Amino acid sequence: MVSRQERQATLERRREAMAVMAAAPGETLMQLWSSAALPEEAETLRGPETGLVTVRGRMGGGGAAFNFGEATVTRATVKLATGEVGHAYMLGREKTKAKVAALVDALRQKPEFETLIEEKILAPLRDKLAEGDAERRSETAATRVDFFTMVRGED
Amino acid sequence: MYVAVKGGEAAIRNAHKLLADRRRGDRSVPALTLEQITGQLALAVDRVMAEGSLYDCGLAALAVKQARGDMIEAIFLLRAYRTTLPRFGYTRPIETAAMLVERRVSATYKDLPGGQLLGPTFDYTHRLLDPELAGDSDPATPETRERESEAMPRVSDILAHEGLIEEDGSLPENREPGDITREAPEFPMDRDLRLQALSRGDEGFLLALGYSTQRGFGRNHPFAGEIRIGEVDVEIDVPELDFPLTLGRIRVTECQMVNQFKGSMKVPPQFTRGYGLVFGQSERKAMAMALCDRALRASELGEDITAPAQDEEFVISHADNVQATGFVEHLKLPHYVDFQAELGLVRQMRREYEERRQADAEKPQRREAAE
């Protein structure tokens, strides 16, 4: 029997995989997808379709929620012949990217593909995102002010 | 009475054709690409997203191009587009404390945890036109510095320990945030709805109002407690999955304005706060928004309402530049029949006026004649 903890860990891995694909540039995901040569057959249950979400903020940063603007989101749902259902939700209007992300989400539920997808798609995407963030951080860090105090008079 | 008038179709068609030609400009110059607009006119794109209230760089760049750089026209195009899309839901509130920070400054604390990060700012430039940019300049790659990443708590949380600053701002428990895109505005308005309206409000209008509070019209002694710009995750709960989905990241600007406050019948002396949150890199707008948010909290804090920036109905009803431009610009559309009616009325009033004057002029003569 699958323990609660294991189920939680599986969910967390799936959540993280979907987040990585959503954040990735469409072009990169498409390249990795084609080179991974995974099966593409699936029934499309929904979309890919583009719509809006209303983004919420918090008063003062941490207070009560308020609606502050909308963003475009594209979503897709696919079903494999073996029954696995894959979902994708991501900012933007890239329909092919959403379709592919939904396929990957469905395929990685099959044990025979999970490791392959991790190695060929998710790990490279994660690296690319981390690299971009690190670069951004170090560029910002170079603009950090180092205050120094001028000592006046003698002491 | 409405009178149907036909005609003008050919003129309109040709005018739009002419517009398309003028928009393209000199054909020997390459056309602008959307990548050039999002990459090199990024702050124009950000303003269109903020006031169009739709986060999508590609669409905002297209709108800027289509509008020939007319910002309000571009904002109008984006607003019109959003009405064609279905709505999938509301996100979880973004966590600005967990932002991937690109700029963060505080005017109240020099040595705050996480430091002062200037980022890509116009501040401290000399505002001298740079002739080099007129050509195809190739700037040096930015400097980098490796540093342990540090937590960057919000300045408001640092002051909170002493109890000298008010909390973030609350609404009754379990209250669903209001949505001005769904409900007609009613006054008095709660702060959540005001913040939504201010966030999409016209930068120029809010800037002028914020400025007016500094010049003494509803003065509230502001300090820029903190301004931060960077990317935050957007998360949403969807019925088909039992965990929150991360949709990706958006860039926002947040401003925490801290205001000295001498206290009132309702509230003891302390620092009060105004909040600004805007799509994209929009520091001026976020600051102006925070000043206006604070000014509009006058009645909540027991202050006298004496200035335009404190008048909720005045500020909120006039902050939206799409509504404003619609009403102002409709004046140029044909009003021939209205005007004919007014013309008839003015002619009649003038006739009556002349008759009255004539009668008044004749009266003394008659009196003289009687004497």
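Visitor: How many helices and strands are there in chain A?

Guide: In this predicted model, chain A has four helices and three strands. Along the sequence they follow the pattern α-α-β-β-β-α-α.

Visitor: What makes chain A more spread out than a compact globule?

Guide: Set the value against the rule: the globule rule gives 15 Å for 155 residues, while the radius of gyration of chain A is 21 Å, well over that, so chain A is more spread out than a compact globule. Of the 155 residues, 40% count as buried.

Visitor: What share of the contacts in chain A joins residues 24 or more positions apart?

Guide: Such pairs account for 54% of the contacts with a separation of 6 or more.

Visitor: Why is Lys79(A) called partly exposed?

Guide: Happy to count it out. A residue is buried with 20 or more C-beta neighbours within 10 Å and exposed with 12 or fewer. Lys79(A) has 16 inside 10 Å, so it counts as partly exposed. Its place is in strand β2 (residues 65-79) of chain A.

Visitor: Which residues is Lys79(A) in contact with, leaving aside its neighbours within four places in sequence?

Guide: Those are Ala42(A), Glu43(A), Leu45(A) and Val85(A). As for Ala24(A), 55 residues away along the chain, its C-alpha atom is separated from that of Lys79(A) by 23 Å.

Visitor: How do you know that β1(A) and β2(A) are paired?

Guide: Two strands pair if DSSP finds at least two bridges between them. Here 13 bridges join β1(A) to β2(A), and the strands run antiparallel, so they meet the criterion for a pair.

Visitor: What joins β1(A) to β2(B)?

Guide: Four bridges do, with strand β1 (residues 43-58) of chain A running parallel to β2(B). By the cut-off of at least two bridges, they therefore count as a pair as well. In β2(B), Val53(A) has Gly89(B) as its bridge partner, and Thr54(A) has Tyr90(B).

Visitor: How many residues of each chain are in contact where chain B touches chain A?

Guide: The contact brings together 67 residues of chain B and 49 residues of chain A. On the chain B side, β5(B) gives the most, with eight residues. The residues of that side divide into 28 nonpolar, 17 polar and 22 charged.

Visitor: Which strands make up the open sheet in chain B, and what makes two of them edge strands?

Guide: Four strands form this sheet in the order β3-β4-β5-β6, with antiparallel pairing. The edge strands are β3 (100-105) and β6 (270-279), each of which pairs on one side only. On average, neighbouring strands are turned by 20° against each other, direction ignored. Within the sheet, 14 bridges join β4 (residues 222-236) to β5 (residues 245-261). Among them, Glu235(B) has Thr246(B) in β5(B) as its bridge partner.

Visitor: What makes helix α4 of chain B mostly covered?

Guide: Seven of the ten residues in α4(B), which spans residues 57-66, are buried. They are Cys57(B), Leu59(B), Ala60(B), Ala61(B), Leu62(B), Ala63(B) and Val64(B). Each of them counts as buried because the cut-off is 20 or more other C-beta atoms within 10 Å. These residues pack against α2 (34-40), α3 (42-52), β1 (54-55) and α5 (71-82) of chain B. Just after the helix, Arg68(B) takes a positive phi of about 55°.

Visitor: Which domains does the assignment give for chain B, and what separates their centres?

Guide: The assignment gives domain 1 (9-82) and domain 2 (96-120 + 150-169 + 179-318). Taken over C-alpha atoms, the centres of these domains are separated by 30 Å. Their contact takes eight residues from domain 1 and ten residues from domain 2. On the domain 1 side, α3(B) gives the most, with six residues. The residues of that side divide into four nonpolar, one polar and three charged.

Conventions: Residues numbered from 1 in each chain as written. Chains lettered and ligands numbered in written order. Predicted model: local features only at pLDDT ≥ 70, side-chain atom pairs only at ≥ 80, totals over all residues. Helix = DSSP H or I, 4+ residues; strand = E, 2+ residues; numbered from the N terminus. Contact = placed C-beta atoms within 7 Å. Rg over C-alpha atoms; globule rule 2.2 N^0.38 Å. Domains from an automatic or database assignment. Nonpolar A, V, L, I, M, F, W, Y, C, P; charged D, E, K, R; others polar. Axes fitted to C-alpha atoms, helices over the stretch in contact; angles between N-to-C directions.
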